[in-house]
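User: I would like to understand how this protein is put together. Could you begin with how you describe helix angles?

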Amino acid sequence: MRRRSKLHYSRYGYLFCLPFVLAFLVFSLYPILYTAFIGFTDMKGVVPKTPHILDDPLENFKNLLFENELFRMSLMNTALIWIVNFIPQLGLALLLTAWFTNKRLKLRGQGAFKILFYMPNIITAGTIAVLFSSLFAYPIGPINSMYQMFGWSNEAINFLQDKTTARGIVAFIQFWMWYGHTMLILIAGVLGINPAIYEAAAIDGANGFQTFFRITLPSLRTIMLFTLITSMIGGLQMFDIPQLFLAGQPDNSTYTATMFIYSQAFRGSYLYNRAAAASMILFVIAAVLSAFLFYLMRDRDAARLKREERRIRKAAKAASQGGVTHA
């Protein structure tokens, strides 16, 4: 009898993946590698000449880190705005997650609430910038009118000329836009937890707080890690709201790292080498912070178990080798 030829379905998987791989190589990997190369060269100008590697390849990086005060300020602004918006964002998202996933409350209309909370995330950045510019307009605007109506101020206040207030408004916009997105991710994580665990906790008499802090939060370790890293990377790339809302003002207090990269590459002297170097510094910062978060939120019990298993295998191997040598 003739043997039936086996079908190798794996090759079809490779064929389906091929368009993505090609697109990634052309539109992502090549630009990243080329940007890294530019950071070590003298490439600049509206019509840049053939780039040459500098005598000191790290000159652009040293200039940015040790001599360029504007770049250091942009990094500080980026970190400050992200921290101020992410802490309340995560707190509110966790609170709403506990609210929506609590079966004892039997909340009605959850779908409508989730849509309302997520809605700011789908509004364009330009629309939001115009909205908040109108709200805090000087001398006549809704916020100024409210202050005078309640007697909090006798004259108009130019909110957008105060550094702290400007940073706070940008951070609030980022918080308002993204807390619904974070909430949905956390809700998806909670729905993936085995319901039998909650049933066992209810039988043991655990209340809502104990269930949330002893079961839900520990089970969301991986989802929390994903949320932290994606939010941190998004915070480092913050550009549209600070640019469209205040253009980095007042006095560069809302000037972020990506705005610095954009201005270096496409304005003024067209310093592509400096912009590329700043991009690589931002990449290294993101990589280091991500590695730190992975280490900080690792499963310590699993890591301890792996170390113990490794120690036992080494001991068994040493014992077997000693037995062979003795024989």
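Analyst: An angle under 35 degrees is called roughly parallel, over 145 roughly antiparallel, 65 to 115 roughly perpendicular, and anything else oblique. As for the source, this is a predicted model in which local features need pLDDT of at least 70 and side-chain atom pairs count only at pLDDT 80 or more, while totals for chains, interfaces and linings use all residues. Residues are numbered from 1 along each chain as its sequence is written, and side-chain values use heavy atoms, with hydrogens and water left out.

User: Which helix pair is roughly perpendicular, then?

Analyst: Helix α2, residues 59-67, packs against α13 at an angle of about 70°, and their axes are 9 Å apart. That angle is why α2 and α13 count as roughly perpendicular to each other. The axes are lines fitted to C-alpha atoms, for helices over the stretch in contact, with angles from 0 to 180 degrees between N-to-C directions.

User: Which residues of α2 and α13 meet there?

Analyst: From α2 come N60, F61, N63, L64 and L65, which meet N273, R274, A277, A278, M280 and I281 of α13; contact means heavy atoms within 4.5 Å. The residues in this contact of α2 with α13 divide into 7 nonpolar, 3 polar and 1 charged. Here Ala, Val, Leu, Ile, Met, Phe, Trp, Tyr, Cys and Pro are nonpolar, Asp, Glu, Lys and Arg are charged, and the others, Gly among them, are polar.

User: What about α10 and α13, how do they cross?

Analyst: Helix α10 (residues 221-236) and helix α13 (residues 272-296) have axes that come within 10 Å and cross at roughly 165°. They are therefore roughly antiparallel to each other. On the α10 side the contact is made by L225, L228, I229, M232 and L236, and on the α13 side by L282, I285, A286, L289, S290, L293 and F294. By class, this contact of α10 with α13 has 11 nonpolar residues, 1 polar residue and no charged residues.

User: And how far apart are the axes of α3 and α7?

Analyst: The axes of helix α3 (residues 69-100) and helix α7 (residues 163-191) are 7 Å apart, and the two helices pack at an angle of about 40°. For that reason α3 and α7 are oblique to each other. The contact of α3 with α7 has 20 nonpolar, 6 polar and 1 charged residues.

User: Stepping back, how many helices and strands does the protein have?

Analyst: The protein has 14 helices and 0 strands. The C-alpha trace spans about 90 × 65 × 55 Å along its principal axes.

User: What does UniProt annotate as a domain?

Analyst: An unreviewed UniProt entry places "domain: ABC transmembrane type-1" at residues 71-293. Such positions use the numbering given here, feature names are shortened, and annotations may be inferred rather than shown by experiment. In the model, residues 71-293 are 73% helix and 0% strand, with the end C-alpha atoms 25 Å apart.

User: Where does the entry put the transmembrane regions?

Analyst: The unreviewed entry lists residues 12-33, 79-101, 122-141, 176-198, 219-239 and 275-297 as "transmembrane region". Residues 79-101 are 96% helix and 0% strand, and their end C-alpha atoms are 32 Å apart. Residues 219-239 are 81% helix and 0% strand, with the end C-alpha atoms 33 Å apart.

User: What is the phi of D251?

Analyst: D251 has a positive phi of about 55°, although it is not a glycine. D251 is in the loop between α11 and α12. Most residues other than glycine have a negative phi, and most peptide bonds are trans.

Note on methods:
Helix = DSSP H or I, 4+ residues; strand = E, 2+ residues; numbered from the N terminus.
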